Amino acid sequence: MPDGSAVTPAKIQFFESQKKIHPKAVSGRYRRWKTILTWVLLAVFFIAPWIRWERGPDAPAQAVLFDLTTPRFFIFWIEIWPQEIYYLTGVLIVAALGLFLATALAGRVWCGFTCPQTVWTDLFVWIERAFEGDRAERIRLDKAPWSAKKALRKTGKHAGWLALSLVTGFGFVAFFTDAPRLAVDLLTFNATYEAAGFFALFAGMTYVMAGWTREQMCYYMCPWPRIQTAMLDEHSLVVTYDTLRGDTRGPKRKSQSWDERRTKGFGDCIDCGQCVQVCPVGVDIRTGEQADCINCGLCADACDNIMVSQELPKGLIRFDSLAAQDTRAQGKPYQWRLIRPRTIVYGLLMLVITGAMAWSYALRPRLDIAVQRDRAPLFVTLQDGTIRNAYTFKVSNKTRQDRSYTLAAAGIAGAEVKVVGERDEDSGSAVSHISASPDSVATYRVYVTVPRDSVPDASTPVTFQLTDTNNGDRDSYKSVFLGPGAK
């Protein structure tokens with residue numbers, strides 16, 4: 001500066017400060033659907049771990065259990081082993097395609113009605129409203145100076161939040177351990193460090209995410225608002241504001257007739273702001289389509305209530321498509337298209353993957369083996385000139401009964417199988433016997449000995465064949481037998 005005074009740099013703000021949102025209570029069809037879905041989802045979440053399911057002796061009796069100690073995933077009659085993790089992959093793929101399909105049909109309808117963040121935020125807002133009142137009363141309470149009454153109402157709200165968070169934390173952990181035993185252990189302070197730690201973690205995350213961050217989770221942490229735009233097309237149903245009917249916006253006096261208002265260029269929107277006040281993420285849908293809108297439809301309920309009070313048709317704010325708006329603007333009729341390329345692709349992919357998983361699970365074997373050949377030494381030459389290889393043999397018994405099996409090595413003439421630790425009469429025979437306990441993986445060390453003339457090459461294919469002596473179930477595993485090679 002000419003006078004030599006110092007210049008104070010402007011304060012740079014790299015993020016927008018959080019503006020607390022106080023969503024107003026509203027009634028209407030979308031609010032009813034949200035409430036119904038909320039209670040259905042909560043019932044499934046909290047009741048599922050308590051359902052009993054008899055699987056036999058020494059098996060967990062919980063219908064839905066993701067046991068990480070066994071490890072097994074139990075879902076009613078379905079039992080998934082660790083080596084069958086591809087089923088979980090298939091479920092995740094189908095879930096992702098279902099999300100894509102729902103978005104293609106109705107935008108962020110998942111976010112607005114069934115997302116856990118939305119469901120629990122709804123519950124926390126309900127508790128907040130019970131202690132502090134509706135929107136206007138909560139705003140006044142926040143601005144009021146601290147008093148005994150304000151402290152009591154705030155304390156009650158947070159006590160309700162903490163109680164719901166603790167119940168939610170228990171609900172999460174109950175899917176990974178026996179629910180009745182977990183409840184007793186937590187109440188008697190006898191829970192393991194792992195169970196208590198995850199219980200506290202999930203309870204704390206629920207309290208912070210649903211009580212304090214709320215819409216900030218949707219704004220900054222959830223990637224779906226940015227991804228979902230690629231899933232939409234011009235026929236996707238999203239919450240929209242009818243600008244042709246509503247604009248120009250402006251307040252309406254009680255003494256003003258609608259004919260008089262329209263002659264002055266005003267539309268049906270009286271600029272009451274109810275659509276913004278009920279929005280859980282603070283979006284003004286009248287400014288156009290926005291990625292932050294979660295398509296919950298509460299603004300449509302609020303607007304419909306205002307339209308009814310003004311004796312005007314509903315639907316100023318509604319679920320609509322861009323194609324419908326453009327077509328109506330041209331004075332042409334519009335027919336919504338459910339069947340279109342992307343919905344066909346998503347639906348077919350879901351059907352194919354679900355069918356493939358169901359077919360694979362229905363035909364999956366009750367017996368599974370895995371074989372690993374020893375790497376050091378590669379082979380051993382015995383005194384009589386025969387060649388011996390050692391293998392680690394694992395058999396998975398996926399039934400609830402003790403099983404015995406016969407083990408043979410095929411593909412090499414004169415191969416003899418010896419299972420270390422088994423009875424002596426199996427020594428030097430082409431077939432050996434092993435057993436496996438119910439629902440377990442039995443591990444054995446197996447020696448295969450063959451005449452020198454039967455292995456002219458350095459590597460010879462060999463196939464292990466395992467047969468259940470009770471029901472004839474059979475499984476095989478291809479490996480190699482190593483030798484010194486040609487003489």
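These legends describe the chain as a whole and one of its sheets in a predicted model. Residues are numbered from 1 along each chain as its sequence is written, and side-chain values use heavy atoms, without hydrogens and water. Local features need pLDDT of at least 70 and side-chain atom pairs pLDDT 80 or more, while totals for chains, interfaces and linings use all residues.

**View 1. Overall dimensions of the chain.** The chain contains 16 helices and 14 strands (DSSP runs, H or I of at least four residues for helices and E of at least two for strands, numbered from the N terminus). Its radius of gyration, taken over C-alpha atoms, is 34 Å, well over the 23 Å that the globule rule (2.2 Å times the number of residues to the power 0.38) gives for 487 residues, so the chain is more spread out than a compact globule. Along the principal axes, the C-alpha atoms fill a box of roughly 115 × 70 × 60 Å.

**View 2. Three-stranded open sheet.** The strand order is S1-S2-S3, with antiparallel pairing; two strands pair if DSSP finds at least two bridges between them. Strands S1 (64–67) and S3 (78–80) are at the edges with a single partner strand each, so one side of each has no neighbour in the sheet. From one strand to the next, the twist averages 10° (angles run from 0 to 180 degrees between N-to-C directions, with axes fitted to C-alpha atoms).

**View 3. Pairing of S2 with S3.** Strand S2 (residues 72–75) runs antiparallel to S3 and is joined to it by three bridges. Phe74 has Glu79 in S3 as its bridge partner.
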